[in-house]
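Hello,

Here is the structure for your files. My notes on it follow below.

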Amino acid sequence: MHDIGDGHTHHPEPHDHDDTPDGAAAARWKHDGVRVIPGDRLDPNTAQTPGMFRQAAVNAARVGAQKIWAGTVAIEPDAKTGVHHHGALESVIYIVSGRARMRWGERLEYVAEAGPGDFIFVPPYVPHQEINASTDAPLHCVLVRSDNEAVVVNLPDVEAAERPETVYWIDPIHRQP
């Protein structure tokens, strides 16, 4: 790496010449370049919320990530997670399989559903609860967060509203059904 004078670090291209021996540059790229994290080697040693099972794939400890955290979550059929938020982090949830029902708000008064191929965005500090809307199939998702550590603040004292208000996930150019 080279300091390029403006406070940023330049990561040399593999063909860049530097003052390391020829084999050292190749070894650096081989071990510090692209990383593949096999799906059967995810790390369950991450922050958890009752009712769901999170596993880390990409974080500071596993691959040296500086700005993101990524992993998976599984929720059993008809299960509801505990209420929680992720501090100052933004979160993206991608539904791989199953049907997700999300509740959010100070009393979880809002609700929306998502299915395979859908993305869910959760802003910072928003109390929410994931629910597997299926009674017979697990819910599997991929999670990405805007920092390299998994911040989870469980909120055991928040109770859901009796009748949540439905909010449709429609982009600004489409109308609600």
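**Cavities and sheet**

By class, the residues lining the largest cavity are eight nonpolar, no polar and one charged. For these classes, Ala, Val, Leu, Ile, Met, Phe, Trp, Tyr, Cys and Pro count as nonpolar, Asp, Glu, Lys and Arg as charged, and the others, Gly among them, as polar. The model is predicted: local features need pLDDT of at least 70, side-chain atom pairs count only at pLDDT 80 or more, and totals for chains, interfaces and linings use all residues. Residues are numbered from 1 along each chain as its sequence is written, and side-chain values use heavy atoms, with hydrogens and water left out.

The structure holds two cavities of 30 Å³ or more. A cavity here is a set of points, on a 1 Å grid over the protein atoms alone, where a 1.4 Å probe fits but cannot get out; lining residues have an atom within 4 Å of a point. Grid points are joined across faces, edges and corners, and a volume is the space filled by probe spheres set on the points.

The largest cavity contains about 40 Å³ of space. Its lining is made up of Val73, Ile75, Ile93, Ala100, Met102, Glu130, Leu139, Cys141 and Leu143. Strands (E, at least two residues) are DSSP runs, numbered from the N terminus.

The second largest cavity contains about 30 Å³. His86, Ser91, Val92, Ile93, Val122, His128, Glu130, Leu143 and Arg145 line this one. Two or more of its lining residues come from each of strand 6, strand 10 (128-132) and strand 11, with the largest share, three residues, from strand 6. By class, this lining divides into four nonpolar, three polar and two charged residues.

Five strands form an open sheet in the order 3-4-11-6-9, with antiparallel pairing; two strands pair if DSSP finds at least two bridges between them. Strand 3 (53-58) and strand 9 (119-122) are at the edges with a single partner strand each, so one side of each has no neighbour in the sheet. From one strand to the next, the twist averages 25°, taken between N-to-C directions of lines fitted to C-alpha atoms, on a scale from 0 to 180 degrees.

Strand 6 (residues 91-97) and strand 11 (residues 139-145) are joined by six bridges in the antiparallel sense. Isoleucine 95 has cysteine 141 of strand 11 as its bridge partner, and serine 91 has arginine 145 of strand 11. Strand 6 also pairs with strand 9, antiparallel, over four bridges. There, valine 92 stands opposite phenylalanine 121 of strand 9.

Two side chains in strand 10 are also worth a look. Glutamine 129 belongs to this strand and counts as buried because its relative accessibility is 9%; buried means under 20% relative accessible area, with a 1.4 Å probe and protein chains only. A polar atom of the glutamine 129 side chain lies 3.0 Å from the backbone oxygen of threonine 81. Asparagine 132 is in strand 10 as well, and at 1% relative accessibility this asparagine counts as buried. Its side chain has a polar atom 3.1 Å from the backbone oxygen of glutamate 76.

Regards

Conventions: On a 1 Å grid over the protein atoms alone, a cavity is a set of points where a 1.4 Å probe fits but cannot get out, and a pocket is an open set with protein on both sides within 12 Å along at least five of seven lines; lining residues have an atom within 4 Å of a point. Buried means under 20% relative accessible area, exposed over 50%, partly exposed in between (1.4 Å probe, protein chains only). A polar contact is a pair of N or O atoms within 3.5 Å; within protein, one must be able to donate a hydrogen and the other to accept it, and residues adjacent in sequence count only if both atoms are side-chain atoms.
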